[in-house]
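Welcome, and please open your viewer so that we can walk through this model together. At each stop you will get something to select and a short note on what is there.

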Amino acid sequence: MSELIEPLAFVFIVAAVMLLIATRAPVPAVPLYILAGLGIGAGGLIDPGTTLELAQLGIAFLVFAFGVNAEPSRFLSVARDSEHVAAVQVLAVGSLGFVAGLSFGLDPLPAVYFAVAAALSSSLVGRELAEGEIRRNLIHGRLTESIHFVQDLFAVGIILVLGAATFSLDAIALQLGYGVLLFVAAILIRIYVFDLLVRLSGDSDELIMLTGIGLLIGFLAIAEILDLSIVVGAFAAGISITQEFEHNLALLSALESIENFFTAIFFVTLGSLVVAPSVEVLSMAGALMLGIVVVKPLVTIWALIYQGYDPRTAALTSFSLDQISEFALVLAISGLLAGTIPQTLFDAIILAAAATMVTSSITYAYENTFYRVLDRIGLFGSTRQLTRERSSLPDEPLDNHVVVVGYGKLGSSVVSVCRELGKPVIVVENDPDRFELAREFHETCVFGDAMNDDVQALLGIDRAELIVSTAPDRSLSEEILSLSTNADVILRADDTEVAVELVDDGATYVNVTDFLASEQFGHTLSRLLTADSSPESLRQENYRLLRERVSDSGIVGQIGPEELGPNRR
Amino acid sequence: MAAGSVTIATDFALIVLTAVALGYLFRLSGQPTIVAYLVTGIVLGPVFLDVITEGELVELMAELGLGFLLFLLGLKLRIDDIREILRPVINIALWQTVLQTALAFAVAYALGFTLVQTTIIALATVFGATPIIVKVLADKDELTSLPGKIDVGVLILQDIYLVVLLAILGADSFENPTTIAANIAEIFVLMAGIGVFSYLAARHVLPGLFRMVAGDREAFFIVGIAWAFLFIYGSMALDLSIEVGAFLAGLSLAQVQYTTELTERVRPLTDLFMVVFFSSIGLRIAADDLFEFWQEAVIASIALMLGNFLIMFYLINREDFTPETSFLGSINMVQVSEFSLVVGALAVQQEFIEEPILGYLSLMAIMTMSASTYLIKYNHQLYDLTRPLWARFESDDKRDVELKTYRDHAVVIGVDDVTEPVLPVLHETVGDVVIVDRNPETSDRFDDTPYDVIYGDFKHGELRKEAGLDRASVVLSSSVQSEINETAIREADDDALVIVESDGVDNAVDLYEAGAHYVTIPTVLAGIRIREYLTCYIRDRSAFRTLVDDDIGWLRSAAAGPSSVEPGSDRSKPGADRFDPDADRFDPDADRFDPDADRFDPDADRFDPDGDTDV
């Protein structure tokens with residue numbers, strides 16, 4: 001009987017209990033795992049380190065999964081400013097962290113670990129929290145996702161450098177050289193070999209899954225031989241796998257299960273390695289938390305506003321970035337095992353990680369409240385002037401006009417209807433790209449967030465006849481309903497339940513995309529089901545209709561094909 | 001490297017890499033992967049290279065491999081699946097176990113093994129190889145055919161027998177008949193205890209537990225794994241084998257409605273562990289041991305394959321199925337299972353037999369599994385070839401049971417506000433409607449409706465099989481994920497009508513290219529409506545109010561959901577009335593609903609995409 005079964009049973013049972021307790025609260029899984037680990041460690045249920053070897057696989061799978069999902073298309077679609085913002089934020093917070101680390105009496109190298117913990121954010125947690133915003137393609141959701149992505153790339157680079165066994169420049173150069181070689185090998189496999197393997201596997205799910213694992217293990221082995229971090233090996237293995245093949249669903253879902261299994265062990269093990277915290281540990285963890293919960297959001301907000309985003313977008317984005325990265329945890333455990341960092345620093349990082357991951361879900365849940373507090377204390381005072389300058393307003397204040405919130409496809413469509421019928425209309429948009437588009441085609445528009453008082457004043461909300469909001473954002477909808485105006489209000493919601501509540505709260509009408517579409521769809525479906533023609537001729541007919549519409553509109557190439565859906569924001 | 005102080009175990013790396021390489025080799029020659037894993041162990045072990053010393057990690061994974069294999073087996077054990085043919089299946093399984101044990105005993109005894117060895121061999125070689133039969137039949141889409149169901153039913157009953165056998169073999173002492181009897185009694189009491197616990201859990205605890213976490217993929221999976229570990233730990237604490245615990249954990253979960261999804265989530269992990277498990281069996285065999293009884297193994301393999309076939313044929317035929325069903329059902333079951341190695345390995349551990357017997361069992365498993373893969377693959381051809389032989393078993397009294405399988409039905413991938421209102425139309429026009437949805441509330445919500453719901457992610461191949469995707473005549477997807485839609489298009493029958501959803505025109509074009517027959521773009525459809533509403537608002541305010549009030553009424557009834565109406569009635573679907581062809585709003589002549597797809601007319605002013613940019 002393996003001695004590991006019992007510890008493993010504890011790991012999963014305690015983790016599951018934590019997850020079950022927390023189902024009502026929107027807390028991400030990672031801090032719960034760490035807490036489970038703390039409990040297991042403190043309760044002496046397992047000896048520290050027994051599950052370390054399995055935890056190592058957890059690290060490998062964590063990074064591997066990131067590599068597999070880092071498709072080239074994502075590098076291209078990272079929003080234009082994210083890399084600047086991410087870089088500014090990492091450098092600024094990192095430098096502050098480094099100084100703080102030194103002031104705790106750490107040596108320069110451990111201080112770097114401290115700084116990395118402060119600077120990098122967790123994409124696992126951040127993206128889980130902001131999932132809804134990302135799905136609805138709201139601007140701060142998009143920013144959150146791309147900043148996390150850039151930061152994760154930073155993280156892998158930092159681990160590569162810090163992984164050098166000695167810190168002479170030669171060693172780092174050698175490490176980097178090997179690292180580059182490994183990535184070149186990965187890219188060659190991706191281009192020339194992987195496809196062949198997929199074809200040879202003859203769509204056997206099991207074999208494709210095993211091929212993925214085999215590549216991972218192979219790269220890990222090479223990394224080990226070259227004395228590189230397993231993180232580098234795992235990332236290279238991830239790069240060697242392309243998602244561009246027919247049966248990728250099987251591979252991705254298989255890897256997800258295995259990753260979930262081993263990362264749970266990893267995070268629980270981390271927690272179990274923490275020893276009883278001393279004053280020193282607590283003060284270091286406190287400093288880290290302060291830096292992450294207060295300093296980092298401020299730096300992010302500043303960087304985003306500087307890049308031309310409105311205050312609310314900047315604030316909401318920063319509330320998804322205020323936690324410690326899982327890669328900093330990988331780095332911490334590597335440092336601890338190699339003896340590069342003291343146990344106290346390790347403990348501080350793990351505790352601060354668990355704590356900030358929980359506080360992050362709190363700041364996320366109350367993001368609008370926090371934003372209003374920041375606004376009230378005058379943090380964004382200087383942006384008022386900016387808003388006014390960027391907006392283009394009519395000479396005469398508008399009266400009995402239509403206010404359109406958001407200049408996406410639906411917004412622009414609404415604007416064009418108003419103009420055709422000679423109705424005065426004003427647009428408000430907070431995405432810099434879309435705002436430029438609005439200004440180009442439409443003279444009256446305001447840059448900023450519709451929830452901002454100054455913006456509302458510029459829009460002349462109190463004199464408006466109709467407000468049309470095109471964003472399925474609940475807090476925005478509620479804010480609009482609470483405005484003191486006699487205007488009719490047409491809102492947008494994701495589902496019918498929310499829509500009905502909004503109607504009850506006073507909305508004139510609520511646009512639920514799926515609901516509105518379903519009627520026409522049901523109709524088309526009945527027609528298709530009872531049609532005499534063959535499926536293939538139906539296909540060609542429907543396809544022809546769509547193509548004609550696209551070519552007639554001449555829209556492709558003007559604002560890009562992905563914008564063609566009418567009301568994406 | 002900093003983390004270099006803990007390294008990925010060499011033995012684990014070697015096993016995985018060799019298994020992948022051999023996996024491809026065996027796959028190309030049409031062999032089951034299990035044989036490749038066994039050979040992996042034999043190649044790396046003392047028989048050939050002798051480069052492996054089993055470390056902690058490999059030992060753990062091998063053990064978990066067996067545990068999870070039984071967990072998965074338990075998870076799949078749904079009596080409902082074979083209810084229609086339960087009586088004949090029980091008859092067949094009981095007699096098959098008795099007759100095949102006798103045959104295996106006779107063969108082994110005749111070959112000169114000792115009494116103890118013969119007993120273990122006979123006990124070990126009764127089982128059919130579930131993973132191979134299920135896998136090859138599923139690939140051929142014959143799992144739900146009558147012979148497939150009979151085989152699966154027999155295998156399920158064998159599995160229960162196996163768990164009992166493992167528990168008994170794993171017992172502490174076998175010194176004299178009294179202690180054996182006491183041990184067996186104790187095992188039965190303990191197993192009954194765990195069984196009662198798992199039954200109560202399945203009735204009262206698990207449904208609530210899993211409903212709590214079913215919305216969160218990760219938590220759902222971890223809680224499932226923890227359930228298995230709870231039983232594994234429990235049976236360890238009670239001194240039972242962990243397999244018993246794992247099996248009962250799976251069995252109790254199988255009675256909860258979320259099982260299919262969990263099975264698919266656990267399977268990849270099990271596959272990985274099984275690689276290590278089967279390799280480790282190969283690793284344990286020394287060269288001499290493997291080939292010590294090779295002649296006996298060859299003779300026994302041939303004798304057992306023939307004998308097992310005849311026994312199964314006789315038993316199925318006796319239940320008055322047609323000769324074809326009897327033939328197909330028997331030819332699938334002729335191999336020696338991987339469980340013979342499980343039983344063998346346990347017997348070696350308990351010192352009932354020596355390593356060479358395990359080698360003998362391994363050799364038999366490898367040979368019979370390899371051969372039977374081809375037999376199952378070409379079962380219909382073999383039947384046609386040998387048809388005259390079976391003609392004498394034909395009779396008018398014999399007929400096959402009609403099984404309910406989905407055919408020419410509608411598969412709906414995900415229910416949302418777009419697809420839900422059209423379900424009644426689908427049901428009326430097409431017939432059976434099978435919904436695949438990963439939202440746990442969906443299956444609750446559609447409990448009392450004529451629609452079947454499979455809870456789980458469409459990404460899993462097994463789930464698509466269960467929904468009979470490739471036999472459906474209409475496939476309707478409400479997902480906007482390209483991978484899902486492309487999979488649906490690819491796997492649907494050529495004659496099926498495939499309707500998918502897209503979030504943009506660009507993507508819609510791709511989907512038409514891929515072969516979709518209709519792509520709905522809700523954002524476009526809704527955008528058109530909003531433009532209409534707005535036009536109305538500006539031109540004729542009172543008409544707008546009427547329009548909107550009407551619409552809000554429908555919104556309310558949609559939001560209230562099925563609970564607001566009598567379940568089971570035609571109106572149990574929100575918005576069902578909206579599609580009642582007789583309803584006014586659906587009157588083809590009504591202005592607002594011109595059915596001639598004019599609203600889609602590219603030339604219509606209402607949808608003038610230029611309007612967006614030329615302002």
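Where does A:Ile46 lie in chain A? Select A:Ile46 and you land in the loop between helix H2 (29-42) and helix H3 (52-69) of chain A. Helices here are DSSP runs of H or I with at least four residues, strands are runs of E with at least two, and both are numbered from the N terminus.

Before we move on, note that this is a predicted model, in which local features need pLDDT of at least 70 and side-chain atom pairs count only at pLDDT 80 or more, while totals for chains, interfaces and linings use all residues. Residues are numbered from 1 along each chain as its sequence is written, and chains are lettered from A and ligands numbered from 1 in the order in which they are written.

**Stop 1: around A:Ile46**

Is A:Ile46 buried or exposed? A:Ile46 counts as buried because it has 21 C-beta neighbours inside 10 Å. (A residue is buried if 20 or more other C-beta atoms lie within 10 Å of its own, exposed if 12 or fewer, and partly exposed in between; C-beta atoms are placed from the backbone.)

Contact means that the C-beta atoms of two residues, placed from the backbone, lie within 7 Å. A:Phe10 is 36 residues from A:Ile46 in sequence, and their C-alpha atoms are 8.0 Å apart in space.

**Stop 2: the domains of chain A**

Colour chain A by its domain assignment: domain 1 (5-19 + 29-41 + 52-374), domain 2 (383-516) and domain 3 (520-564). These bounds come from an automatic or database domain assignment. The centres of domain 2 and domain 3 of chain A, taken over C-alpha atoms, are separated by 31 Å.

Next, select residues 402-510 of chain A, which an unreviewed UniProt entry annotates as "domain: RCK N-terminal". Such annotations may be inferred rather than shown by experiment; positions are in the numbering used here, and feature names are shortened. This span of chain A is 42% helix and 22% strand, and its end C-alpha atoms lie 16 Å apart.

**Stop 3: where the chains meet**

Show both chains: 122 residues of chain A are in contact with 112 residues of chain B. On the chain B side, the largest share, 15 residues, comes from helix H23 (residues 522-539) of chain B. That side of chain B has 70 nonpolar, 18 polar and 24 charged residues. (Ala, Val, Leu, Ile, Met, Phe, Trp, Tyr, Cys and Pro count as nonpolar, Asp, Glu, Lys and Arg as charged, and the others, Gly among them, as polar.)

**Stop 4: the sheet of chain B**

Hide chain A for now. Chain B has 25 helices and 6 strands, and buried residues make up 55% of its 615 residues.

In which order do the strands of the open sheet in chain B run? The order is E3-E2-E1-E4-E5-E6, with parallel pairing; two strands pair if DSSP finds at least two bridges between them. At the edges are strand E3 (452-455) and strand E6 (518-520) of chain B, each pairing on one side only.

Zoom in on strand E1 (residues 410-413) of chain B. B:Ala410 and B:Val412 point one way, B:Val411 and B:Ile413 point the other way, and all are buried. In a regular strand the side chains alternate between the two faces of the sheet. E1(B) pairs in the parallel sense with strand E2 (residues 433-437) of chain B over 4 bridges, and B:Ala410 stands opposite B:Val433 in E2(B).

Then select strand E5 (residues 497-501) of chain B, which 3 bridges join to E6(B), running parallel. Here B:Val500 stands opposite B:Val519.

**Stop 5: an enclosed helix**

Finish with helix H15 (residues 339-349) of chain B. It is largely enclosed by the rest of the structure, because 9 of its 11 residues are buried; among them are B:Phe339, B:Leu341 and B:Val342. To see what surrounds them, show helix H3 (56-76), helix H5 (115-124), helix H7 (146-169), helix H11 (259-284) and helix H16 (355-377) of chain B, against which the buried residues of H15(B) pack. Following H15(B) is B:Glu351, with a positive phi near 65°.
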